[in-house]
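Please open the model in your viewer and keep the selection panel at hand. The tour below moves from one selection to the next and says what is to be found at each stop.

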Amino acid sequence: MSLIQVINPNTSLTMTETIGAAARAVAAPGTEIIAVSPSQGVPSIEGHFDEAIAAIGVLEQVKRGKAQGVSGHVIACFGDPGLLAARELASGPVIGIAEAAMHTATLVATRFSIVTTLPRTLTIARHLLQQYGFTHHCAALHAIDLPVLALEDGSGIAQEKVRQRCLQAKQQDGCGAIVLGCGGMATLARDLTQELGMPVIDGVSAAVKMVEALVALGFGTSKHGDLDWPIAKPLSGAFQHLN
């Protein structure tokens, strides 16, 4: 049995439930999903400041997951906050949902578009495209111009805006797939894929399947090179619990 920890880096319990449901929907028989979020931090992640705070919560959860004997970890925020630091701390694979979604899109299409939340996060997405080497695969980026938590307010307005932007991307971008750029959009991908007749990719689902595959192959995070265990040194103050 594989035990996969899915970390929502913000403190929204409703979003954690949404992310957990998306992960369980694709998990293989014998895979158990533990969906968690930090008790302290930011209620949503919509910029560099938010990501810096959220990264500490990610590391806390990775440490707890290791103590529980999880097989691997998913960081369920499209900014992939704290990803490399988490890989230093973890023995099993750690996959960020932006990285997973982009990789998956390139396996089923030559060009993909991204639909995300606030316009300011488009720049963060561009940075990730450059970091992961997918800039030339990305046809366009779109924002619904609503905050992350609008996806959880029950009105359905944000979900309809996601749908409209996906339709726009299909019609105008010349893309073969669409990546949903927020963990809170995770449960929309299946219906949108059917409606649009093209792959609409949720990074939570993609990351879960990647962790399952890596675990089945017997691969954990390499400890040769820069992802070796953190150099032992005493942490003080609010960070003592990470020692």
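**A buried charged pair**

Select Arg 87 and Glu 99 to begin, and note that Arg 87 is buried and that Glu 99 is buried as well. The model you are looking at is a predicted one, and the distances quoted along the way are computed from it. The two side chains form a salt bridge in which the closest N and O atoms are 2.8 Å apart. Because Arg 87 belongs to helix 3 (residues 83-89) and Glu 99 to helix 4, the pair ties together parts that are twelve residues apart in sequence. A search of the whole structure finds four salt bridges, and two others come up at the next stop.

Arg 163 forms a salt bridge with Glu 160, the closest N and O atoms lying 3.1 Å apart. These two residues are three residues apart in helix 6 (residues 157-172), which means that about one helical turn separates them. Arg 163 also meets the side chain of Glu 195 in a salt bridge, at 2.7 Å from N to O. Since Glu 195 lies in helix 7 (residues 189-196) and Arg 163 in helix 6, this pair ties together parts that are 32 residues apart in sequence. Through shared partners, the salt bridges join Glu 160, Arg 163 and Glu 195 into one network.

Are these three side chains buried, partly exposed or exposed? Arg 163 counts as partly exposed because its relative accessibility is 26%; Glu 160 counts as partly exposed at 36%, and Glu 195 is likewise partly exposed, with a relative accessible area of 41%.

**Helix 6 and what covers it**

Keep helix 6 in view and select it from end to end. Its end C-alpha atoms are 22 Å apart, which agrees with the 22 Å that its 16 residues should span at 1.5 Å a residue. Colour Ala 158, Val 162, Cys 166, Leu 167 and Ala 169, the residues that are buried in this helix. What covers these buried residues includes strand 5 (112-116), strand 6, strand 7 (177-180) and helix 7. Just after the helix, select Gly 174, which takes a positive phi of about 70°.

**The nonpolar core**

Next, select Val 6, Met 102, Phe 112, Ile 114, Val 162, Ile 178 and Leu 180, which are the residues with the most contacts inside the largest nonpolar core, a set of 76 residues. The largest share of this core, six residues, comes from helix 4 (residues 97-108). In soluble globular proteins, nonpolar side chains tend to be buried together.

Centre the view on Ile 178 and show its surroundings: leaving aside residues up to four places away in sequence, its contacts include Cys 166, Ala 169, Leu 196 and Met 198.

Then go to Phe 134, in the loop between helix 5 (121-132) and strand 6 (138-143). With a relative accessible area of 7%, Phe 134 is buried. Which residues does Phe 134 touch, not counting residues up to four places away in sequence? They are Met 102, His 103, Thr 106, Phe 112 and Leu 129. Draw a line between the C-alpha atoms of Phe 134 and Thr 106, which are separated by 8.4 Å although the residues are 28 apart along the chain.

**Helix 1 and strand 1**

Turn to helix 1 (residues 13-26), whose 14 residues reach 21 Å from the first C-alpha to the last, close to the expected 20 Å. Its buried residues are Met 15, Thr 16, Thr 18, Ile 19, Gly 20, Ala 22 and Ala 23. Strand 1 (2-7), strand 2 (31-36), strand 8 (200-202) and helix 8 (203-217) are included in what covers them.

Follow strand 1 to Ser 2, which has its place there. Ser 2 is buried, with a relative accessible area of 15%, and beyond residues up to four places away in sequence it touches Gly 30, Thr 31, Glu 32, Ser 71 and Val 215.

**A last stop at a ring**

Finally, select Lys 223 and Trp 229: Lys 223 lies over the face of Trp 229, at 4.2 Å from the ring centre.

Notes: Residues are numbered from 1 along each chain as its sequence is written. This is a predicted model: local features need pLDDT of at least 70, side-chain atom pairs count only at pLDDT 80 or more; totals for chains, interfaces and linings use all residues. Side-chain values use heavy atoms; hydrogens and water are left out. Helices (H or I, at least four residues) and strands (E, at least two) are DSSP runs, numbered from the N terminus. The expected span of a helix is 1.5 Å times one less than its number of residues. Buried means under 20% relative accessible area, exposed over 50%, partly exposed in between (1.4 Å probe, protein chains only). Contact means heavy atoms within 4.5 Å. A nonpolar core is a set of buried Ala, Val, Leu, Ile, Met, Phe, Trp, Tyr and Cys residues joined through side-chain atoms within 4.5 Å. A charge sits over a ring if NZ of Lys or CZ of Arg is within 6 Å of the ring centre and within 35 degrees of the ring normal.
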